[in-house]
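Here is a quick tour of one chain, written for someone who wants to know what sits where. Have the sequence and the 3D view open as you read.

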Amino acid sequence: MPRKMANPSLTRKAGVSRLPELPNVDPTLFKKPEATDFKAVATSSHRPRILLLYGSLRERSFSRLLTFEARRLLEALGAEARIFNPEGLPLPDGHPENHPKVRELRDLAAWSEGMVWTSPERHGAMTGIMKAQIDWIPLSIGSVRPTQGKTLAVTEVSGGSQSFNAVNQLRILGRWMRMITIPNQSSVAKAFLEFDEAGRMKPSSFYERVVDVMEELVKFTLLTRDVAPYLVDRYSERRESAEELSKRVNLRSI
């Protein structure tokens, strides 16, 4: 005879899980996602807020020029875009967290709903200037996670043939920062040929890819910004929070 499955009641009785196939799971904190969970979410009406970071301090920085081009596109697509200037930002751990440039960067990260990271490729990797900015943005400030659930687009410029080393590294960092990194990306080869004397990007397939990436970023941001808290609500963190609450309650009762 076929095995009869027990009813997976999401309750606990006498300390025993009522999810018999999942004995290690706390059923009081285990939630089955439903499509209806998204229906109660309010829809924001303000423009998507995008922060752009670039990884060079050179006078004619192609990563900065590409960032300016991205901002123009984002604003045309309906977003509010702000660029952080990394000049004057100290090395991580080299100054206190109350340094003015660190506060500026963290405030912008908290303000944003999505980001664009653009780095030159130097010695086969992103630049230290790019990495320093990301390192100054913590995974958490108290109970607030400045980047979790926010969207991210990654782009790079290189002086030689097309490469993807920097964008691949940026993707790893985006995942580490718990961001929703969009599928599309941009890598501009021989960047010195792609911008005119005024600093504007010339028409090319590289430019069209940048348009594609910014369009995709705005769409993903509109799609996910209001449901981000739900998307990143994790069983392990609910369990950890419940345990911390229990400890605080028990301390008060001593």
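Where does Glu113 lie? Glu113 is in the loop between α2 and β5; helices (H or I, at least four residues) and strands (E, at least two) are DSSP runs, numbered from the N terminus.

Before going further, a word on the source. This is a predicted model, where local features need pLDDT of at least 70 and side-chain atom pairs count only at pLDDT 80 or more, while totals for chains, interfaces and linings use all residues. Residues are numbered from 1 along each chain as its sequence is written, and side-chain values use heavy atoms, with hydrogens and water left out.

**The chain overall**

The chain has 7 helices and 8 strands. Of its 254 residues, 42% count as buried, where buried means under 20% relative accessible area, exposed over 50%, and partly exposed in between (1.4 Å probe, protein chains only). Mean pLDDT, the predictor's confidence in each residue from 0 to 100, is 87 for the chain, and 87% of the residues reach 70 or more. Residues 1-16 are the ones to treat with care: pLDDT stays under 50 there.

Glu113 is buried, with a relative accessible area of 12%. Its side chain makes a polar contact with the side chain of His46 at 2.6 Å. A polar contact is a pair of N or O atoms within 3.5 Å; within protein, one must be able to donate a hydrogen and the other to accept it, and residues adjacent in sequence count only if both atoms are side-chain atoms. Leaving aside neighbours within four places in sequence, Glu113 is also in contact (heavy atoms within 4.5 Å) with residues including Arg47, Lys150 and Thr221.

Ala109 lies in α2, which covers residues 100-111. Ala109 is buried too, with a relative accessible area of 1%. Not counting residues up to four places away in sequence, Ala109 touches Leu51, Met115, Ile137, Pro146 and Lys150.

**The cores**

Which residues have the most contacts inside the largest nonpolar core? They are Ile50, Leu52, Leu66, Leu74, Val116, Met214 and Leu217, in a core of 25 residues. The elements that give two or more residues to this core are β3 (49-54), α1 (62-76), β4 (80-83), β6 (151-157) and α5. The largest share, 6 residues, comes from α1. Another core, of 22 residues, lies apart from it, with Phe84, Leu108, Met115 and Leu170 among them. A nonpolar core here is a set of buried Ala, Val, Leu, Ile, Met, Phe, Trp, Tyr and Cys residues joined through side-chain atoms within 4.5 Å.

The buried residues of α1 pack against β3, β4, β5 (114-120), β6, β8 (186-188) and α5. After α1 comes Gly78, whose phi is positive, near 100°.

On α5, the buried residues include Val210, Val213, Met214 and Leu217. An α-helix has 3.6 residues a turn, so residues three or four places apart point the same way. Ser204 caps the N-terminal end of α5, with a side-chain oxygen 3.2 Å from the backbone nitrogen of Phe206.
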